[in-house]
Amino acid sequence: MSTLKEQLRADLTAAMKARDELVKGTLRMTLTAIGNAEVAGEAQRELSDDEVLAVIRKEAKKRAESAEAFSAAGREELAAQERAEGEVLARYLPQQLGDDELTALARQAVADVEAETGEKPGPRQMGQVMKKAQAAAEGRADGKRLSAAVRSLLA
């Protein structure tokens, strides 16, 4: 069993003992999503830590999108609940890159593509640059932020 999944289960048990409904509910939903991912496909299998992290990242993204939608609809109490759940999930995600680190990573990706192609990349090479930048970010940066940083350098 993956150590991250074991950590989630241990934290769920602690939340149950502490009667922390927010953490308990969030971790239960996350463990259910992990279980669903394990049985998806042709055969049941155990997820690795990286795959569990991808599920947690996906769940956190869902919470952020839901909070945004609730805010836009004027349902602040539901948006606050979604944000709180997102903060619980953020504890298990790697630290996000800061703006300076993100810009430096985007510059390096542009330089790598320039070295490969022999010319300065423009907006048409956005896909190539993003592929390099996402590989370097390793899930430590939101795709929208990374895309904005790359786009500003290519413009």
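## Where H3 meets H4

Ile56, Glu59, Ala60, Arg63, Ser66, Ala67, Phe70 and Ser71 of H3 touch Glu76, Leu78, Ala79, Glu82, Arg83, Glu85, Gly86 and Leu89 of H4, where contact means heavy atoms within 4.5 Å. Sorted by class, this contact of H3 with H4 has 7 nonpolar, 3 polar and 6 charged residues. Here Ala, Val, Leu, Ile, Met, Phe, Trp, Tyr, Cys and Pro count as nonpolar, Asp, Glu, Lys and Arg as charged, and the others, Gly among them, as polar. The helices are DSSP runs (H or I, at least four residues), numbered from the N terminus.

The axes of H3 and H4 lie 8 Å apart, at an angle of about 160 degrees, which makes H3 roughly antiparallel to H4. Axes are lines fitted to C-alpha atoms over the stretch in contact, and angles run from 0 to 180 degrees between N-to-C directions; under 35 degrees counts as roughly parallel, over 145 as roughly antiparallel, 65 to 115 as roughly perpendicular and the rest as oblique. H3 passes H4 in a left-handed crossing, meaning that the near helix is turned anticlockwise from the far one by less than a right angle; clockwise would be right-handed.

## About the model

This is a predicted model, in which local features need pLDDT of at least 70 and side-chain atom pairs count only at pLDDT 80 or more, while totals for chains, interfaces and linings use all residues. Residues are numbered from 1 along each chain as its sequence is written, and side-chain values use heavy atoms, leaving out hydrogens and water.

## H3 and its other partner, H1

H1 (residues 3-18) packs on H3 at an angle of about 50 degrees, with the axes 7 Å apart, so H1 is oblique to H3. On the H1 side you will find Thr3, Leu4, Lys5 and Leu8, meeting Asp49, Val52, Leu53 and Ile56 of H3. This contact of H1 with H3 divides into 5 nonpolar, 1 polar and 2 charged residues.

## The H6 and H7 pair

H6 and H7 pack with their axes 10 Å apart and an angle of about 135 degrees, and are therefore oblique to each other. Their crossing is right-handed.

## The largest pocket

The largest pocket has a volume of about 780 Å³, the space filled by probe spheres set on grid points joined across faces, edges and corners. A pocket is an open set of points on a 1 Å grid over the protein atoms alone, where a 1.4 Å probe fits, with protein on both sides within 12 Å along at least five of seven lines; lining residues have an atom within 4 Å of a point.

Its lining has 23 residues, with Ala60, Lys61, Ala64, Gln96 and Asp142 nearest the centre. H3 gives the most, with 6 residues.

Definitions and conventions
Helix = DSSP H or I, 4+ residues; strand = E, 2+ residues; numbered from the N terminus.
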